[in-house]
Amino acid sequence: MKALFVATSLLLVTNVVQAQQKSLIKGQVEGLASGKIHLIVRSSESRWDTLRTVAFTNKGFSIQEIDVSEPLAARLSIDGYQGGFSFFLEPGGNYQATLRDGELYPITGGVLQNRQIAFEQGQRKLILAVANLQQRCDSLRKALRYGSASKLNDSIKVLQNELETRRTTFMADNDNILSAHLQLQQIETQDSPLNICRQLYAQLGERAKQSRSGVILQQRIARLSKVSKGSPAPDFTLPTLEGTSFTLSKMKGRVKIVDFWASWCGPCRLNNPILKQLYAEFHRRGLEIVNVSLDDNRERWVAAVQKDGLSWTQTSSLKAWNDPVAKLYNVTAIPAIFVLDADNNIMATGLHGESLKAFVAALFDKNN
């Protein structure tokens, strides 16, 4: 009987602890009388999952009994509002939110969330101070008061160093999802290349690397590694301008250029004369070019090809940014150019204009 009592007591304690781990979000939505609010969490680099959808009124909303096993990057999304309201959702967290479209209304509650808010508020204060000093410094320079401007510039450097020191300290003190999310946020905002992603990931502690944001950063690195210098270029097949089928692996050439562009892309069109020069000079020596257009209008695509006089292979799925090859090559901005060798290994990425011209010319000079 005593053993049964102990076992029952342990079960009750376990149930209480588990119940206490449920999270709760309460709050108000300003500017809308009623609607729906969605609680979503990020599960991978490209996927957000909806945990709960509840109705709200002018009296507010409540999302109860939220069951998560680890801290997650989460967002409250409201029908009729742009974007969403981001926060860290922790097991057992109790959150309060006052939400308004287009304005910074932080969600408070939870150890990690409150810590992040305090850090961001401190950073914003320093950033504003730097901006104000920079404005005064610029005015002094215009007034030819270079001595005073120099002193202000020294003050600006002090604040900038303080910004970086606070960031470094925050990273070191938070070997968890906070530091991982901070690195991931910087990388995604700046669309950082592979080498920067690896560098920032290496700065994370082991717990941060194991957090959901750390895993997502790993996913980004793995994705970018597939189309980085030295990697085999992913093979693809697309319809051509003439209605035939083009496959990259079937294109012969000593040097190959895969150029992602579109008729509406000004920088792409400005780069076309360089490609024409290269093609005219090196095609007979083994240079091949294939354009992958991110247009969704065939007439505009054809007109741009004709106007710019592009005589090499033209391909497109006419799916704009939903083009499967653009996704395969992780293209997030155009022009995006990949230079390949005869075996379709990537030799360079991100080149255009004179830098592209010099790189390709050097390859042919090297190979005679």
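Colleague: Hi! What should I know about the model and its numbering?
Modeller: It is a predicted model, where local features need pLDDT of at least 70, side-chain atom pairs count only at pLDDT 80 or more, and totals for chains, interfaces and linings use all residues. Residues are numbered from 1 along each chain as its sequence is written, and side-chain values use heavy atoms, leaving out hydrogens and water.

Colleague: Thanks! How many aromatic pairs does the structure hold?
Modeller: There are 11. Rings of Phe, Tyr and Trp (its six-membered ring) pair if their centres lie within 6.5 Å; planes under 30 degrees apart count as stacked, over 60 as edge-to-face and the rest as tilted.

Colleague: Why is the pair of phenylalanine 260 and tyrosine 329 tilted?
Modeller: Their planes are at 50°, so the pair is tilted, and the ring centres are 5.5 Å apart.

Colleague: And are those two buried or exposed?
Modeller: Phenylalanine 260 is buried at 0% relative accessibility, and tyrosine 329 is buried at 1%. Buried means under 20% relative accessible area, exposed over 50%, partly exposed in between (1.4 Å probe, protein chains only).

Colleague: Nice. Which residues form an aromatic cluster?
Modeller: Phe236, Phe246, Phe260, Tyr329 and Phe338 form one.

Colleague: New topic: what lies over the face of tryptophan 48?
Modeller: Arginine 75 does, at 4.1 Å from the ring centre. A charge sits over a ring if NZ of Lys or CZ of Arg is within 6 Å of the ring centre and within 35 degrees of the ring normal.
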